[in-house]
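Welcome! Here is a short briefing to read alongside the structure, grouped by topic.

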Amino acid sequence: IPGTAADPIYAAQVLPGVNSAPDSSTLLIRGGSPEEVAFHFDGIEVAHPFLSESLHESYFSIFDNQIIEGFSIATSGFHVKFGDALSGVMDIAAKDSIYQKEGGIGLSILGLNSYVGLSIKGIGSFVGSYNAGNSYLMTRINSRDDSEFKTQNGFSKLNVKLNKSHTMRLLGLIDRYDFSHQSGFSTGTHNLITGFSLTSTLRRNLVTRVTLSHVYHQADFQLPDVFRKDMRDRILQARMDATLDLGSHYLELGGDFQNRRIEVGFAEPGFTPSEFRAAGDRLCVYASDRFRLTDAVFLDLGGRLSALRGRDNSLRFDPRVSLAHFLTRRDIIRLSVGRYSQFGDYFTLQEKPGLGPKRAIHAAVSY
């Protein structure tokens, strides 16, 4: 899409109901704030999908467009398998099954980009990419050598067919970004994502997927003799998703567990350095049932049960219902109503343990 630099998150801004803050790639969905949007990458929830954030905004994400199969973005009434979001969900999928060799390599004044996709006979497939950028030449050609940035991005995904019923996937993504200005200001981020998933066809009508992942984000901002900020965010996650097709009923059910640890440090001249920590264990289960009421009317009933252990331990239930009425093969009316919860900032919850999650009601009608 012209003007989006082939970045999946940046490209999403052309869709109805999706916008961004000035000079930033963060998404605003139907007027909601950026933190109300959840990002998922190949079944892994990613809390920091951008090159940089906060004190130094970024236009682009950490995802290489060469390895992206596609993405979907829900601006209302999103599925019960997605939680801890109020406005919308962006779900990005990496390339998976490769049936013939593909790849390429490119050089420009900004650096190197490369990609390879391989079909491994009798085993599965492999997808990989490596990109490195440096603004040195570009800034000097344009006489803007007061600042400089460097980037590195690597991705690999191995798809292995264990047998007819089981497929294993191993995924890894590493991303580094460093920016400096002649004023002395500098910032850097480091993102690391590793994941394992096992997809099993236990029966003809039953498919399950188990995903284990580790997501690490580190960022620092500093201006010599003025301030320094360091932040580290680590997320361990396990989730299970299953679909059961009973013919008259199509069931989807599963759950996820997330362990998150955040550390933030500040340092200013003349003050003792300070460090703050926050943590939480989030547990969620969900279920939905899609079935036909009449030949022309379909109903989807679902709900999500969630809790944040160690803070407000009470359970939160978010029911959702949607209906589709086929007037003709080409004319469909859809109605949906649902409640959505988001626990929010862990530091705020730590200061006020009894504080409940933020909530939103979505009601949508479409033709």
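In which strand is the place of glycine 88? Glycine 88 sits in strand β6 (residues 88-94), where strands (E, at least two residues) and helices (H or I, at least four) are DSSP runs numbered from the N terminus. This is a predicted model, in which local features need pLDDT of at least 70, side-chain atom pairs count only at pLDDT 80 or more, and totals for chains, interfaces and linings use all residues. Residues are numbered from 1 along each chain as its sequence is written, and side-chain values use heavy atoms, with hydrogens and water left out.

**Glycine 88**
- Glycine 88 counts as buried, at 0% relative accessibility; buried means under 20% relative accessible area, exposed over 50%, and partly exposed in between (1.4 Å probe, protein chains only).
- The C-alpha atom of glycine 88 is separated by 5.0 Å from that of valine 37, although the two residues are 51 apart along the chain.

**Salt bridges**
- The count comes to 22 salt bridges, each being a side-chain nitrogen of Lys or Arg within 4 Å of a carboxyl oxygen of Asp or Glu.
- Aspartate 42 pairs with lysine 157 in one of these salt bridges, with their closest N and O atoms 2.6 Å apart.
- Aspartate 42 is in the loop between β3 (37-41) and β4 (44-45) and lysine 157 is in strand β10 (residues 147-161), so this pair ties together parts that are 115 residues apart in sequence.
- Aspartate 42 and lysine 157 are both buried.
- Arginine 232 and glutamate 275 also meet through their side chains in a salt bridge (3.7 Å, N to O).
- Because arginine 232 belongs to strand β14 (residues 227-245) and glutamate 275 to strand β16 (residues 274-292), the pair ties together parts that are 43 residues apart in sequence.
- Arginine 232 is partly exposed, at 26% relative accessible area, and glutamate 275 is partly exposed at 39%.
- A further salt bridge joins aspartate 295 and arginine 292 (4.0 Å, N to O); aspartate 295 is exposed at 69% relative accessible area, whereas arginine 292 is partly exposed at 47%.
- A network of salt bridges links Glu45, Asp84, Arg239, Asp241, Asp256, Arg282 and Arg304.

**Cavities**
- The whole structure holds 3 cavities of 30 Å³ or more; a cavity is a set of points, on a 1 Å grid over the protein atoms alone, where a 1.4 Å probe fits but cannot get out, and lining residues have an atom within 4 Å of a point.
- The largest cavity has about 70 Å³ of space, a volume being the space filled by probe spheres set on the points.
- Among the residues lining the largest cavity are Asp42, Lys157, Arg169 and Phe196.
- Strands β11 (166-181), β12 (186-203) and β13 (206-223) each give at least two residues to the lining of the largest cavity.
- The second largest cavity has about 60 Å³ of space, and its lining includes Asp84, Cys284, Arg304 and Phe343.
- Two or more residues of the lining of the second largest cavity come from each of β17 (297-309) and β18 (316-326).

**A surface patch**
- Ile109, Leu110, Tyr136, Leu137 and Ile141 make a nonpolar surface patch of about 480 Å²; such patches are made of residues with over 30% relative accessible area and no salt bridge, with nonpolar side chains (Val, Leu, Ile, Met, Phe, Trp, Tyr) joined within 5 Å.
- Tyrosine 136 is in helix α2 (residues 136-141) and is partly exposed, with a relative accessible area of 43%.

How values were computed:
Patch = residues over 30% accessible without salt bridge, like charges linked within 9 Å, V, L, I, M, F, W, Y side chains within 5 Å. Areas by Shrake-Rupley, 256 points an atom, 1.4 Å probe, with all protein chains shown as cover. 1 Å grid on protein atoms, 1.4 Å probe; cavity = no way out; pocket = protein on both sides within 12 Å on 5 of 7 lines; lining within 4 Å.
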